[in-house]
Every structure is written in C-alpha cells, then in structure tokens.
Amino acid sequence: EMEHTWLLTYRHPLLPAPNLNIGVIHGGTAGSTVAGNCYFETCIHYLPRQMSYDMVVKEFTDTVMGVAAYDPWMKDHPPKITMYQAGGAFEMDTEHMFVNAFREAFRHSKGTPVRTVGSPAGCDSRIWRNIAGCPTIQFGPGNLEQCHSPNEYVELDAYLDCILIYAQLILTWAQK
C-alpha cells in the first residue's frame, strides 16, 4: 500500500516511480520445523529531490509498525528495523559542466547526440554524487535491461566505443 501511494504521488521525467522490493527472506533451519525467527531484506528505490532518505525510513517504519500493531502477537513483539545500506537517489544537473563535457565527448566519438535518460537500477554513482560530492553520470557499454542477468554480456563493439568515449571525455573535461 505504501508503494502504491508512492506510485500515485511521485513522478520524475527521467526515472521510474519509487518502488519497494522484498528481495530476501531468511527464517527457520529446516522445512519440517517451525521457524523461531524470520527477517527479510528490502530494497527501496526512491526519487531524488522529491523524497529523502529520512522520509523514506520514517514512512517505511511507520507502515511496518502500523501493520504490526494490528496483529495480537506482533503488537507485543514489534519488529526491529535496521538499515544496512543507504546511498540514496541522485540527480545530476543536466546543464552541469561535466554533463556537457560528456555530451560533447559522446557527439565527437559517435557522431550523434547522446540521449539523456534516467537509470532504473541502483549503482555506485549515487555514492560518488551524494557522499563524495563528485560530478557524476552513469554510462557504460551494454544493454541496461540485461545487467545482472544470468547470461549477462557486453558486445565487443559497444565496449570499444565506450573506451573511445571515455578517452574523449578525459580530453574534453581536461580542457574545461
């Protein structure tokens, strides 16, 4: 329900809607015994500028505790919520000098303008931008839909094109 509310409330021109995924569930020791405990790990992707880490943690915690309050056992044994990773969403100013240098390098290398799009996936770019304060873009060879899939691969031409674009970016950025 919380994710559904987010889907109806928050929009971004380049990024997918905020989402929540229970990706891992741990509990019990064997299929024939009743588990003594259980915990799950959740991944939450939220939108930059519109949503903050503190806001997301509060809404998630309030939602889980609100549901627990209606269960007779959980009301007296509330769940413990911990955060194990937080890099946050990020958004780079599309007119930043570094972004423009990348556009220039891409156009010079490929002969066509680059499309500016948002990424539906998490990556370390958020750490470079949010924690280190570095101008950051996310770019690499391959097809994003194929990332981290069972048969992930990158075509050699895309890899070589990427090397040329990065080399041109270094030259372009160094002149700024």
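With which side chain does the side chain of arginine 103 make a polar contact? The close-up views below, all taken from a predicted model, begin with this residue.

View 1. The partner is asparagine 100, whose side chain lies 2.8 Å from the side chain of arginine 103 in a polar contact. When residues up to four places away in sequence are not counted, arginine 103 touches Thr94, Glu95, Val114 and Thr116. Arginine 103 counts as buried because its relative accessibility is 18%, and buried here means under 20%.

**View 2. Helix H4 packed against helix H6.** Two packed helices are described by the distance between their axes and by the angle between those axes. For H4 and helix H6, the latter formed by residues 156-174, the axes come within 8 Å and cross at roughly 130°, which means that H4 is oblique to H6. The crossing of these two helices, H4 and H6, is right-handed. By class, the contact of H4 with H6 has 10 nonpolar, 4 polar and 3 charged residues. Among the residues of H4 that take part are Met97, Phe98, Phe102 and His108, and they belong to a contact in which H6 contributes residues including Asp161, Leu164, Gln168 and Trp173.

**View 3. Threonine 9 in helix H1.** Threonine 9 lies in helix H1, which is made up of residues 2-9, and its side chain reaches the backbone oxygen of threonine 5 at 2.6 Å. Threonine 9 and asparagine 143 are 134 residues apart along the chain, and their C-alpha atoms are separated by 30 Å.

**View 4. Arginine 49 in the loop between strand E2 and helix H2.** The loop that holds arginine 49 lies between strand E2, residues 38-45, and helix H2, residues 53-68. What is the phi of arginine 49? The angle is positive, at about 70°, although arginine 49 is not a glycine. With a relative accessible area of 67%, arginine 49 is exposed.

Definitions and conventions:
Residues are numbered from 1 along each chain as its sequence is written. This is a predicted model: local features need pLDDT of at least 70, side-chain atom pairs count only at pLDDT 80 or more; totals for chains, interfaces and linings use all residues. Side-chain values use heavy atoms; hydrogens and water are left out. Buried means under 20% relative accessible area, exposed over 50%, partly exposed in between (1.4 Å probe, protein chains only). A polar contact is a pair of N or O atoms within 3.5 Å; within protein, one must be able to donate a hydrogen and the other to accept it, and residues adjacent in sequence count only if both atoms are side-chain atoms. Contact means heavy atoms within 4.5 Å. Helices (H or I, at least four residues) and strands (E, at least two) are DSSP runs, numbered from the N terminus. Axes are lines fitted to C-alpha atoms, for helices over the stretch in contact, and angles run from 0 to 180 degrees between N-to-C directions. Angles under 35 degrees count as roughly parallel, over 145 as roughly antiparallel, 65 to 115 as roughly perpendicular and the rest as oblique. A crossing is left-handed if the near helix is turned anticlockwise from the far one by less than a right angle, and right-handed if clockwise. Ala, Val, Leu, Ile, Met, Phe, Trp, Tyr, Cys and Pro count as nonpolar, Asp, Glu, Lys and Arg as charged, and the others, Gly among them, as polar.
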